[in-house]
Amino acid sequence: MKVNYEERANVLQVIFIIIGIIFVIRLFFLQIIDSSYKNSANNNVLRYTTDYPGRGLIYDRNNELMVCNEAAYDLMIIPKDLKKDFDTLSFCSMINIDINDFRTRLDKAKKFSRYKGSVFEAQISKEDYASIQEKMYKYKGFYFRLRTIRKYIKPIAAHVFGYIGEVNQSIIDKDNDKYYKAGDYVGIAGIEKQYEQELRGSKGLKILMADALNRDKGSYKNGEYDIAPVSGSNLYSGLDYALQEYGEKLMENKRGSVVAIDPSTGEILALISVPSYDPNLLVGRTRTKNYKLLQDDPNKPLFNRALKAKYPPGSTFKLINALIGLQERAITFSTTYPCSRGFHYGGLNVGCHEHNSPLDLEGSIIHSCNAYYCKAFGAILNKYKTDRDGYIVWRNYVTKFGFGNKFNSDIPNHSSGFVPKAEYYDKRYGKNGWKWLTVISLAIGQGELGITPLQLANMSAIIANRGYYITPHLIKKIGNKVPNKEYLVKHYTGISKIYFDKVADAMYNVVEGGTGMGGKINGISVCGKTGTAQNPHGKDHSIFVAFAPKDNPKISISVFVENAGFGATWAVPIASLMIEKYLNDTVLRKDLEDRMFKPIP
Amino acid sequence: MSYIKDKRKKIIIGNVSNQLIIIYTLLVLFGWVNIYAANFDNNSTAIIDFSRNAGKQIIWIGLAGFFAIFILLIDSRFFSIFSYPVYIIIMLSLIAVIFVGKEVAGSRSWFQIGSFALQPAEFGKFATSLALSKYLSATNIRFEEFKTRIIATIIIIIPFLLILLQNDTGSALVYGFFIFVFYREGLSGNILIIGVLLAFMLTLSLIVNKYIIISCLAVVTLYFVYYTRRFKKDRILFIFAFVLSASLLLSFDYIYNNVLKTHHRDRIEVLFGKKVDEKGAGYNVIQSKIAIGSGGVIGKGFLEGTQTKYNFVPEQSTDFIFCTVGEEYGFLGSSIVVILFIYLIVQIISLSERQRSPFSRIYGYCVAVIIFAHFVINIAMAIGLLPVIGIPLPFFSYGGSSLLSFTILLFVFIKQTGDKHEII
């Protein structure tokens, strides 16, 4: 039987065509339906590297550079490139870590990626880099990446600038813009934190290509998709760098604070809190270690007294009570009160020192009479139906001076201080259980009052301005623009200028012939008021507030020297020297200066 | 009347032959473009650089062209007359290479001649095709006879075993595809079906436990034995089939675990997802799929494939050349290549059927199934449908032996289809 197999040609052809169709379908799925391969191809070849922008610089009011950037080097590791004969011991001793630390870091890097670089040791200084770089050829798998770290030109103003540090997970989680990635730096305190957005600029992105062996193959599509980094904005501070330095020198070996403000603008000229530290300690790879040391220091150098310490303002507060009394017509310029070494009422005694009696308003300021202000305070509160009503009016004036409130300002993390509300006393003594006598300590700036040195400097600025203040602030310009419209607004206290003129005159006489005589400067009309804050823990705190010149004032200042006794001994000369330095640029009173440089005996 | 019909047929054949030559040329040239891309190096952009693959391939293409023209010029009876001598010479060289060959990646299958290497296994397919066609086309041979089938099988088995001895599993596998030629010449279609079913069963045994499969087979067999209890003969057949497939399964299991090398097993297990190994055995396949998959609809363009350019796919100018097409020319480019191959193969079969001489017809079938075997294995591997088996894509892959042997294979067939006046 002869069989014809020709039709089998068709069978085979159909089989082959079906296989071809299967291939095309498979290709369709691989190439068109499934898009994951595109990502995989990109993951293979593209290396996304961050291009870090330079952080903004910070200048002082005279355009002197205060904060800049310096090259530092991150030591990077690519685990797969480590050779078998890697000399771990010598490597560890070179970068000064122990061998267990080496292993943990290596494991961490491996976990991240065997092929991509990760940071092994961050921010190695220029100097260390130079000595390590020479030996790097021995250690394949490691390389350096250039970063910048902060450089604070002088070892001062640590509390103003704050510091930057690596972002932690909680910052990354809270960051709505998704800007921060692990390993980025962020301002953690001070101006660095306050102006983080402006200072950081924006990161750039470089897309590089690498082949199968992870060798560099240049930039992807000639950099078409790269993003150039944008440098951070430069900040222009109102700070006077030289004055700040001088103030820190004066305050050396003491505890306390100095805050100086330009009353006409609200710009902070100096913000000093001692003990302090060198801001460069909290930079680079020693930051964590140094931070711990500072944190454990019993002198609490990290605590910013100028902004956070709440002191009773002592006699300096009499100025406020004088002004409120005048505005409330509870007293007049010519009201006199007698003083018999204090204020005695029933069983209550508020002592006073030896001075002429009776005194009028000006005399009471010059001689800082306690009795006068106890009586004046009584007169203010007694004007109203109840003392409580009077107290509410009084407190309202006090808050207008910026006490008991925070400023809407760039001053980081400052305290609102404490001026008790009427409810505070209600709670303590019962709604009708307290009278003006109960809270009489407030008359002389003692009692529950908690005032920060910043607030007191601002009070001085208000008197200097004869009735208003501009919110104190640290940065006057970012690039070319004013950071906050608030800094153009005058905040009035609701007390007439004529009363301020009178108080200013009295303050002038305090320095000319009263308790603040040590503050007198030839050729400069200084106005001031001493204070002594009682301190349950030891010697009283010495306080002085001042402004100068009397007319058209350029500087107002508050000085707190803790445990230094009467205001006149330490706080007055320091404030006076600061004023002289700021207004005359050079200090002629070298003897006084030398005495102040020395520690409190 | 019959004259006109004959004339027209000749013209058609002439046209089809010309089509084959055009497709051949297209594949060779497009192949070269992809070899160039796969070896592209920014530092050396010269097109003719004989130290590089693309440059060497130009020499091979020139040589292949020379051979093609030479074949078209000599008498078409030459190859049918010298079939056996060619076969014997090539078989001897396959034996010789085992002893004097250069070892490359575990396979001893190359003759080193100066800076060029020749792989006799590539020519084995051509020689086997000639010998098989010569034997089966002899006037006294009838394929229905058992003896004929045995001898034909021996002609195929000899090179198959020799190549297996050289450790070149991929090339050896191609010889299995001659079963399609047998089918055309009269082998029962049932054997093809049984073959497919067995292959399915054995593949299944890689995924499912073999004893479960045997149990299932037993149940099916019992059912049929019961159902067909009136016909004793059928019962015996079913039981025989069961015993055969069960023992095949068990021996396959033994071969899989004891005869196959670890890297073969790895490649197979990677294919079935039993083993995930991105850096080892699975690396090639993953990178190959990434290259092809990332090509999208129209591809990334000439020299723009990052997988290709930066050497993510190993062996890219030879076994994985299809990746370059997939990545740089996308779905469009790779589909066109698939269609060209299928069209070429289908046309060769059509053309074979029109041959008057059985030698030409059988030889044509051999050519078709060999090209098909390479095409299927190579592309299925590149797109992850088969385990990694290293064989070249005909006309396309880099390599002189492959290009020359496929050129000779094809042009000998073209020569058989007509006389030179009509095709050149």
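**Exercise 1. Describe the accessible surface and the build of chain B in this predicted model.**

*Solution.* Next, turn to burial: of the 424 residues in chain B, 52% are buried, with under 20% relative accessible area as the cut-off. Then list the secondary structure, which comes to 18 helices and 3 strands. Finally, look at how the chain meets itself: among contacts in chain B with a separation of 6 or more, 70% join residues 24 or more positions apart.

**Exercise 2. Work out how many residues of chain A and chain B touch, and how much area they bury between them.**

*Solution.* Count the residues on each side: 32 from chain A are in contact with 48 from chain B. Now take the area: the two chains bury about 3,700 Å² between them, and 72% of this lies on carbon and sulfur atoms. Then ask who supplies it on the chain A side: A:Phe16, A:Phe23 and A:Gln31 give 20% of the area that chain A buries against chain B, more than any other three residues.

**Exercise 3. Find which elements and residue classes make up the side of chain A that touches chain B.**

*Solution.* Begin with the elements that give two or more residues: α1 (7–33), α2 (36–45) and β8 (204–210) of chain A. Of these, α1(A) gives the most, with 17 residues. Sort this side of chain A by class and you get 20 nonpolar, 5 polar and 7 charged residues. Last, check the pairings across the two chains: there are 0 salt bridges, while 12 residue pairs are in polar contact, both at pLDDT 80 or more.

Methods:
Residues are numbered from 1 along each chain as its sequence is written. Chains are lettered from A and ligands numbered from 1 in the order in which they are written. This is a predicted model: local features need pLDDT of at least 70, side-chain atom pairs count only at pLDDT 80 or more; totals for chains, interfaces and linings use all residues. Side-chain values use heavy atoms; hydrogens and water are left out. Helices (H or I, at least four residues) and strands (E, at least two) are DSSP runs, numbered from the N terminus. Buried means under 20% relative accessible area, exposed over 50%, partly exposed in between (1.4 Å probe, protein chains only). Contact means heavy atoms within 4.5 Å. Accessible areas come from the Shrake-Rupley method with a 1.4 Å probe; for residues, only the protein chains shown count as cover. Buried area is the accessible area (1.4 Å probe) that two parts lose on being put together, summed over both. A salt bridge is a side-chain nitrogen of Lys or Arg within 4 Å of a carboxyl oxygen of Asp or Glu. A polar contact is a pair of N or O atoms within 3.5 Å; within protein, one must be able to donate a hydrogen and the other to accept it, and residues adjacent in sequence count only if both atoms are side-chain atoms. Ala, Val, Leu, Ile, Met, Phe, Trp, Tyr, Cys and Pro count as nonpolar, Asp, Glu, Lys and Arg as charged, and the others, Gly among them, as polar.
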